[in-house]
Structure formats: C-alpha cells, structure tokens
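Subject: Structure handover, salt bridges

Hi,

Here is the structure I promised to pass on. Please keep it open while you read the notes under it.

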Amino acid sequence: MPAEPRLDATNALRERLRANLGAFAALATTDAQLRRAAVAVAIVAGDGGAASFVLTERASSLRNHAGQYALPGGRIDSGETPEGAALRELREEVGLRLGPAATLGRLDDFATRSGFAITPVVVWGGSAGELIANPAEVAAVRAIPLRVLERPAVPTLRRIPESDRPVIEIDLGKDDPIWAPAAAILYQLREVGLHGRHTRVAHFEQPLFAWR
C-alpha cells in the first residue's frame, strides 16, 4: 500500500479551509424541539507538524454516550453562540485555549437520535499547545491526522433493518471506527473544507447504540 500523502498544519492549509468554508452555506436546523449543542472541529499540528483533528473518548462516568468517541463539545448555554460554546468546550475538555479569531467557519447542523441539534464549528489550533484531557469529562484525547479522511475507504456506509438511512463509519486505522455524528461531520469537513465540494450529510444514520 502506498504511503499516505502528508497534509501539514500550514498557513496555506488554514487559509484553504477558511476560503472553502466561507463559500459554503451551512444549513441550520430549525426544529425547536431539539436541544442545541456545538462541537469544535479543531485542527492542530500533530506529530511532525501533521494537520490533525482533535478527538476525545468520553469518560465512563458521563450519563450520556459514555466511552464513545466524540468531537469536543456540549450544550450551548443561554446567551452563547455556537462559536462561543465550541471554544468553551474545547478549553474545558482538552485545555486548548483559543480566541474568536481562531474560528474558520461552520458545517451543517446534525440532528441526533438523542434529541440534539449539533452545530460543528471549525477552528484552527495550529501549534497552540498541549492537549490535556479533563478527567471529569474525557478519558483520552487524540490528535488524528487529517490525511486519514482522504483514504479511498472513507466513508464506509452500512445498512441496518431499523432505518432506511445509511450508517456512516470512518475507520481511523487498525479497526478503530467512529460513527455519526462525528463521522458525518468529519466527512463533511473533508468534502467542504479540503476540497470545496458542497456535500450534505444530514441523511446519514447513527448506529443503534447511539440512539439512546
């Protein structure tokens, strides 16, 4: 298998992401019954300067979705914007402190089976500092190279009898998969942010264990 091409956390990549996201009309969920949340799609300089996204493993003590992979995020507090909530959660969960100028743009809202409308906010962390998991919320934090999203097998779509929508999956390597909402959001990051393709992801399904 040929080596995956490098994708480094350079100023050129930051401006490419900013331009592609700026040209994209992100869709906002209008369902008032859904609870509002935001996640940070944080791009940082990982090993050797490789452009990487921040992914957490949720603490086993959490009431909802314990032990699952997730992008840093949580509920939007009263009076907060999605951008403000995403930056706050990024700071609280993994210790990455970024200001509003780090925001590059939004992706489409994703409505979850558990009743949330998640607004993904793409932010540039660069070499802002060490990622430190907050043990009250996060069991582990990882910086995954963006180049894994460029693999030919991304995304994998599966059918389940409980839904007519395809379940989206992204294998991080060594049989280490993630599913929607994180997989849908990261696939759209690849399509929109890296390639300027206005691909929608709201039709993708979550696996059954995430419906609760």
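Below are the notes on its salt bridges.

This is a predicted model: local features need pLDDT of at least 70, side-chain atom pairs count only at pLDDT 80 or more, and totals for chains, interfaces and linings use all residues. Residues are numbered from 1 along each chain as its sequence is written, and side-chain values use heavy atoms, with hydrogens and water left out.

The count first. There are 16 salt bridges (a side-chain nitrogen of Lys or Arg within 4 Å of a carboxyl oxygen of Asp or Glu).

Glu15 has two partners to look at. Arg14 is one of them, with the closest N and O atoms 2.8 Å apart. Arg18 also bridges to Glu15, at 3.1 Å. Arg18 and Glu15 sit three residues apart in helix H1 (residues 11–22), about one turn of the helix. Helices here are DSSP runs of H or I, at least four residues; strands are runs of E, at least two; both are numbered from the N terminus.

These side chains are partly exposed (between buried, under 20% relative accessible area, and exposed, over 50%; 1.4 Å probe, protein chains only). Glu15 is at 35%, Arg14 at 24% and Arg18 at 31%.

Next, Arg106 and Glu83. Their salt bridge spans 2.6 Å, N to O. Arg106 is in strand S5 (residues 103–106) and Glu83 in helix H2 (residues 82–94), so the pair ties together parts 23 residues apart in sequence. Arg106 is partly exposed, at 32%.

Finally, a network of salt bridges links Asp77, Glu80, Arg88, Glu89 and Glu92.

Best wishes
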